[in-house]
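Try each task on your own before you read its solution.

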Amino acid sequence: SSGINAEYGERNTRNKGKITMDSPSKIKIKRALASSDYRPLSKAEKGLKLLEELKVSQRKAGDAVGMGKSSVYRAKKAKENGRKIGKTGRPELLSSPQKKELISIVEDSARNTPLSYKEFKQAAQDVVKATPNRDRTEPLPKFSRTWVNKFVNDNNITLGTVIEEKLSKDTIREWMSGLKGLLQTHNYPPSLIFNFGDTLCFPNQDKARVVISKGAPRPPLETSGLKSMTLLLGIAADGSATKPLFILPEEGVTELSPETSKYLAIIGQENGVITEDIFRGWVATVFIPHVQKIKREKQLESSRALLIVDGHTSREDITALDLLTRENIDVLILPPHSSSVLQPLDLGVNETFKTLFEEHFETIPTESKTQTRARIFETAMLCLPTVLTPLFIKDGFIRTGIHPYNPEVPIKSKRGAGSSSSSEKKKQKLGQDKENAILIL
């Protein structure tokens with residue numbers, strides 16, 4: 001058996017030393033891989049060449065070069081889409097022209113202020129969007145931190161950092177002045193001055209501050225693995241509210257009883273968070289019908305309405321804004337980092353809701369994620385009727401100075417301009433709690 005040419009047969013030690021003959025396709029693959037055409041190629045390129053020239057299956061091509069069939073498939077799709085094939089078979093996220101365009105954008109920006117990590121990712125996505133003849137059905141690539149770091153290092157790019165400015169008194173005055181102009185021009189009744197916002201329903205877990213020596217590996221972190229659950233609320237200055245909407249992870253969506261569905265609505269989303277589609281749906285199916293009903297009941301058909309929202313990207317949906325414009329509803333966006341001072345929901349309903357929720361929800365380590373999610377939903381439903389009342393709703397508008405209008409209220413707020421930032425407070429608390437830290441040396 002030792003004299004038999006390896007090209008035609010080989011000893012199979014797992015088969016009691018019997019001779020097993022290679023199939024014709026295996027012989028062809030071995031000959032091809034031994035040729036000079038294949039030697040300089042990467043694994044993915046070899047697999048793709050076998051697939052194209054020898055017409056073997058993706059699995060056989062992958063097995064021959066030591067990679068999975070999915071990697072061969074990705075290499076095939078990359079070539080079809082005109083992209084470079086990665087060394088492991090995963091297509092590169094940007095083509096050469098796209099990379100040059102992105103580098104050009106970064107260099108232009110660096111003359112003024114270097115792009116931050118977030119701005120760089122957005123610039124990369126903009127480059128892909130602007131590519132001529134791009135297949136619009138394909139989702140935009142996701143640029144991970146690992147990809148960004150590699151791209152930055154390979155191309156000697158320096159990214160800047162985002163320095164968040166404190167909310168200044170001038171910013172508050174300017175915004176309140178704009179609000180005053182709208183109030184004087186349109187004379188909105190209190191029942192048509194609305195604030196929309198969202199809040200996460202998630203149990204606070206006990207946290208321990210961990211201090212480790214420099215260079216030591218980080219200790220493992222235990223997480224619940226639960227996805228978010230978001231509560232959307234709309235409140236008015238007269239103490240009324242729209243129907244609450246819960247955004248649940250898709251696997252947690254169940255049908256509500258007819259009695260419960262009169263009070264609130266639910267919708268599923270992959271991660272349980274708000275998106276442009278969900279905001280558009282809330283505007284069309286919850287908010288606008290509510291405004292129309294109020295106008296009919298109070299005989300305010302000729303009055304305009306005002307909707308105050310924060311600057312989350314979901315509020316920028318063009319379709320939703322067009323719907324609001326057609327219904328004579330003006331939209332006023334809060335300045336950045338001002339929710340704790342100018343958002344009525346955060347100073348009234350949400351603040352009390354979170355306090356009640358944390359008091360009434362207890363984590364049970366032995367229960368499943370499904371059971372925990374169900375209890376979160378039940379606890380939130382029990383807390384809502386207590387906080388979604390005229391008392392807390394009006395209190396939020398009063399504490400922001402929006403209604404009754406008082407521009408001095410937010411300016412003098414201890415939460416606003418001139419107060420310590422959250423990062424500074426955390427640093428102060430870290431210094432105070434050093435004796436309680438867990439030292440891992």
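A contact here means heavy atoms within 4.5 Å. This is a predicted model, in which local features need pLDDT of at least 70 and side-chain atom pairs count only at pLDDT 80 or more, while totals for chains, interfaces and linings use all residues. Residues are numbered from 1 along each chain as its sequence is written, and side-chain values use heavy atoms, with hydrogens and water left out.

**Exercise 1. The overall picture**

Task: Find what share of the contacts with a separation of 6 or more comes from residues 24 or more positions apart.

Solution: 
- Begin with the elements: the protein has 18 helices and ten strands. Helices (H or I, at least four residues) and strands (E, at least two) are DSSP runs, numbered from the N terminus.
- Now take the contacts with a separation of 6 or more: residues 24 or more positions apart account for 64% of them.
- Buried means under 20% relative accessible area, exposed over 50%, and partly exposed in between (1.4 Å probe, protein chains only).

**Exercise 2. Helix α1 and its cover**

Task: Name the buried residues of helix α1 (residues 24-34) and find elements that cover them.

Solution: 
- The buried residues in α1 are I27, I29 and A32.
- Their cover includes α2 (43-53) and α3 (58-65).

**Exercise 3. A pair of helices**

Task: Work out how α6 and α7 are oriented to each other.

Solution: 
- The axes of α6 (residues 117-129) and α7 (residues 145-154) come within 11 Å and cross at roughly 90°. Axes are lines fitted to C-alpha atoms, for helices over the stretch in contact, and angles run from 0 to 180 degrees between N-to-C directions.
- The two helices, α6 and α7, are therefore roughly perpendicular, a term for angles of 65 to 115 degrees.
- Y117, F120 and K121 of α6 meet R145, W147, V148 and F151 of α7.

Key: Parallel < 35°, antiparallel > 145°, perpendicular 65-115°, else oblique.
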